[in-house]
Amino acid sequence: MLKLFLPTVDSTNRYLLEHAAFLPHFCVLRAGCQSAGRGRFARNWVSPVGGLWFSLLLKHFPLPRNVIPSLLALAGLDVLEKLCGKGFWLKWPNDIVFSTGTPSADGKVAGILGQFCGQGEKGVLVVGMGMNINNAVPGKLDFPAVSLRDVCHQHREVVPVYFALLEAFQENWNRFEPGAWKRRVRQKSYFHGGERVSLHCALSEKRWEGTLVDTPVEALELVLDSGESKSFQAGDVRKVRVERGSSR
Ligand code: BTN
């Protein structure tokens with residue numbers, strides 16, 4: 001694994017996509033900070049010094065491409081649990097949240113952006129992860145952000161977290177088995193079947209609310225209040241508080 005570092009760059013995802021032709025499979029780029037970090041749905045990702053911002057370039061796909069971001073998220077979860085203990089969950093599709101059971105206090109610790117460029121065998125996948133470690137997080141987000149420092153009340157060195165994460169990802173990649181992967185995703189899921197959630201699609205600017213059919217793994221299935229079932233491949237999901245005494 002070739003490991004590159006830049007003290008500052010606009011976006012590690014953008015850099016790897018632009019230089020993919022000259023870089024090897026499994027090359028990783030970490031940045032001290034990003035001046036134009038990118039999030040899902042073309043949002044900004046605030047990336048000051050103190051956080052972990054990196055991307056991985058993949059050129060060969062011995063395993064299904066759509067599971068790769070989740071292997072990185074699971075690697076992140078394992079590392080965070082070892083460092084700080086319980087409370088970290090996989091928020092569909094690939095966020096890591098810290099939650100102790102009070103949804104209003106839950107916060108996003110890490111997010112993943114996968115970008116595929118090209119076609120078929122010749123295509124390259126860049127998977128970038130942003131993890132709030134010691135940095136201040138932006139306020140006023142649709143789903144609140146938290147840093148590891150906020151939840152563990154301790155300063156953590158970024159580089160050991162990064163190396164542990166890469167090792168855990170490589171292990172997940174080498175040992176990938178669909179059944180075990182699905183079980184692990186279900187076991188660590190922040191959402192469960194029967195829960196009431198809302199899903200916002202930033203591209204279409206539409207919002208849906210309904211009940212989860214099952215714990216989401218690849219797709220998320222909702223039964224809307226109209227009784228219609230709908231399956232989603234992407235979106236921003238959050239739990240909806242059900243008032244006591246409500247008939248829903
Ligand atoms: C999300 O919206 O939750 C995904 C955020 C992904 C951020 C990371 S930081 C490293 C890499 N470079 C980027 O520009 N984005 C990803």
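Which residue in β12 does V197 stand opposite? It is K239 that V197 faces there, and I will come back to that pair once the two sheets have been laid out.

Before that, a word on the model. This is a predicted model, in which local features need pLDDT of at least 70 and side-chain atom pairs count only at pLDDT 80 or more, while totals for chains, interfaces and linings use all residues. Residues are numbered from 1 along each chain as its sequence is written.

Let me start with the domains. The domain assignment of the protein chain, whose bounds come from an automatic or database domain assignment, gives domain 1 as 3-187 and domain 2 as 196-239. The C-alpha centres of domain 1 and domain 2 lie 23 Å apart. As for the contacts, 10 residues of domain 1 are in contact with 12 residues of domain 2, where contact requires that the C-beta atoms of two residues, placed from the backbone, lie within 7 Å.

Now to the sheet of 7 strands. It is open, has mixed pairing, and runs in the order β1-β2-β3-β7-β6-β5-β4; strands here are DSSP runs of E with at least two residues, helices are runs of H or I with at least four residues, and both are numbered from the N terminus. Two strands count as paired if DSSP finds at least two bridges between them. β1 and β4 (88-91) stand at the edges, each with a single partner strand, so one side of each is left without a neighbour in the sheet. From one strand to the next, the twist averages 20°, with axes taken as lines fitted to C-alpha atoms, for helices over the stretch in contact, and angles running from 0 to 180 degrees between N-to-C directions. Helix α4 (residues 158-174) packs on the sheet, where it touches β2 and β3, and its direction makes about 25° with that of β3.

Of its 7 residues, 7 are buried, a residue being buried if 20 or more other C-beta atoms lie within 10 Å of its own, exposed if 12 or fewer, and partly exposed in between, with C-beta atoms placed from the backbone. L52, F54, L56 and L58 point one way from β3, whereas W53, S55 and L57 point the other way, and all are buried. On one side, β2 and β3 run antiparallel and are joined by 5 bridges, with V28 and L56 as bridge partners; β3 and β7 also run antiparallel, joined by 7 bridges, and there the partner of L56 is V127.

Next, helix α1 (residues 12-19), in which T12, N13, Y15 and L16 are buried. Why do they sit on the same side of α1? They do so because they cover an arc of only 165° around the axis, the arc being that of the directions from the helix axis to the C-beta atoms. The buried residues of α1 pack against several strands, including β1 (3-9), β6 (107-117) and β7 (124-131).

V109, leaving aside residues up to four places away in sequence, touches among others L80, F88, I96 and V146.

For comparison, most residues other than glycine have a negative phi, and most peptide bonds are trans. E205, although not a glycine, has a positive phi of about 60°; it lies in the loop between β8 and β9 (206-212) and is exposed, with 7 other C-beta atoms within 10 Å.

That brings us back to the opening pair. The order β11-β10-β9-β8-β12 describes an open sheet of 5 strands with antiparallel pairing. β11 (229-232) and β12 (236-239) stand at its edges, each with a single partner strand, so one side of each is left without a neighbour in the sheet. The twist averages 40° from one strand to the next. Strand β8 (residues 196-201) is joined to β12 by 4 bridges, the two running antiparallel, and V197 stands opposite K239 in β12.
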